[in-house]
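Thanks, everyone. Please have the sequence and the model open while I talk. I'll take the helices in turn.

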Amino acid sequence: MPESHVNTTVSEATYRQIRADIIFGRLTPGEKLRLDRLKTLYGASVSTLREILNRLASDGLVIAEGQRGFEVAPVSPQDLKEIAALRQLLECYAMELSFAAGDMDWEGRVVAAHHKLQQMERRMIAGDHSITKEWKRYDWEFHQALISACGSKVLMDTHAAVFDKYLRYQMVSLTFRGQIAADEHRQMLEAALARDAASAQTILRKHVEAGVERGLLASEPEFQKQRKTGTAA
């Protein structure tokens, strides 16, 4: 394998790992990203890490501070509201396209994705929070499956990027609405199989808005901490 391809693969793997660590809260909002520490944590060169952090800055997950280095992007109530509104806009539009074009293969993907999510939700409801990361992975897969027949890779990719930012708030606040959220997912599945885009969109808006309300309450300690340290967005 050519050396340049190996370097690209290592860089991409490191990018994905750091991105996941930000989204899932292992690297916390406002945390300084010191290159010497990251080099030890991820085993990548300083030049590679600098490129990755600049890429993550373009993703909106890292703040580049010029000569002062990098830090994890802070969180704020206004940012959460804007991300949630953008998610609703993209997902509702993509649902309408997907429900109209979806075939039996699409139905199979949606049913399979919901089954996996349902298993995680049952365990979370029973009190097993050791699977939080897996729960959110299957949550993402279900919502992506719902819109997977929309016919637009750009729309899918944009939705995935926005969903990641929304997910970061859920992980910061560790919000799980239990049986209510599980019921909403089941209702979205039923609407998808019935090709009832209007009902699915209504449920989605309720689902996201309730998640925002819960997230704002649960994230208040993080917002207060950032206000005290001066890192709030």
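Two housekeeping points. This is a predicted model: local features need pLDDT of at least 70, side-chain atom pairs count only at pLDDT 80 or more, and totals for chains, interfaces and linings use all residues. Residues are numbered from 1 along each chain as its sequence is written, and side-chain values use heavy atoms, with hydrogens and water left out.

Stay with α2. Helices are DSSP runs of H or I with at least four residues, strands are E runs of at least two, and both are numbered from the N terminus. In α2, Leu-35, Leu-38 and Tyr-42 are buried. Buried means under 20% relative accessible area, exposed over 50%, and partly exposed in between, with a 1.4 Å probe and protein chains only. The arc is taken over directions from the helix axis to the C-beta atoms. Asp-36 and Thr-40 are exposed on the other side of α2.

Next, the partner. Helix α2 (residues 35-42) packs on helix α3 (residues 46-58) at about 100 degrees, axes 10 Å apart. That makes α2 roughly perpendicular to α3. The cut-offs: under 35 degrees is roughly parallel, over 145 roughly antiparallel, 65 to 115 roughly perpendicular, the rest oblique. Axes are lines fitted to C-alpha atoms, for helices over the stretch in contact, and angles run from 0 to 180 degrees between N-to-C directions. Leu-35, Leu-38 and Lys-39 of α2 meet Val-46, Leu-49, Arg-50 and Leu-53 of α3. Contact here is heavy atoms within 4.5 Å.

Zoom out. The chain has nine helices and three strands. Their order is α-β-α-α-β-β-α-α-α-α-α-α. Of its 233 residues, 48% count as buried. Among contacts with a separation of 6 or more, 74% come from residues 24 or more positions apart.

One such residue pair, then. Arg-87 lies in helix α4. How accessible is Arg-87? Arg-87 is buried, at a relative accessible area of 3%. Beyond neighbours within four places in sequence, Arg-87 is in contact with His-143, Val-162, Phe-163, Tyr-166, Leu-204 and Val-208. Arg-87 and Phe-163 are 76 residues apart in sequence, yet 6.6 Å apart in space, C-alpha to C-alpha. Other buried residues of α4 include Leu-80, Ile-83 and Phe-99.

Now α5. At 1.5 Å a residue, its 22 residues should span 32 Å, and the end C-alpha atoms are 31 Å apart, which agrees. The expected span is 1.5 Å times one less than the number of residues. Buried residues in α5 include Trp-106, Ala-113 and Met-124. The buried residues of α5 fall within an arc of 125 degrees, so they line one face. The face turned away carries exposed Met-104, Asp-105 and Arg-122. What covers the buried side includes α4 (77-101), α6 (132-146) and α8.

Last, α5 (residues 104-125) against α8 (residues 179-193). Their axes come within 10 Å and cross at roughly 170 degrees. That makes α5 roughly antiparallel to α8. Residues making the contact include Trp-106 and His-114 of α5, with His-185 and Leu-189 of α8. By class, the contact has 10 nonpolar, three polar and three charged residues. Ala, Val, Leu, Ile, Met, Phe, Trp, Tyr, Cys and Pro count as nonpolar, Asp, Glu, Lys and Arg as charged, and the others, Gly among them, as polar.
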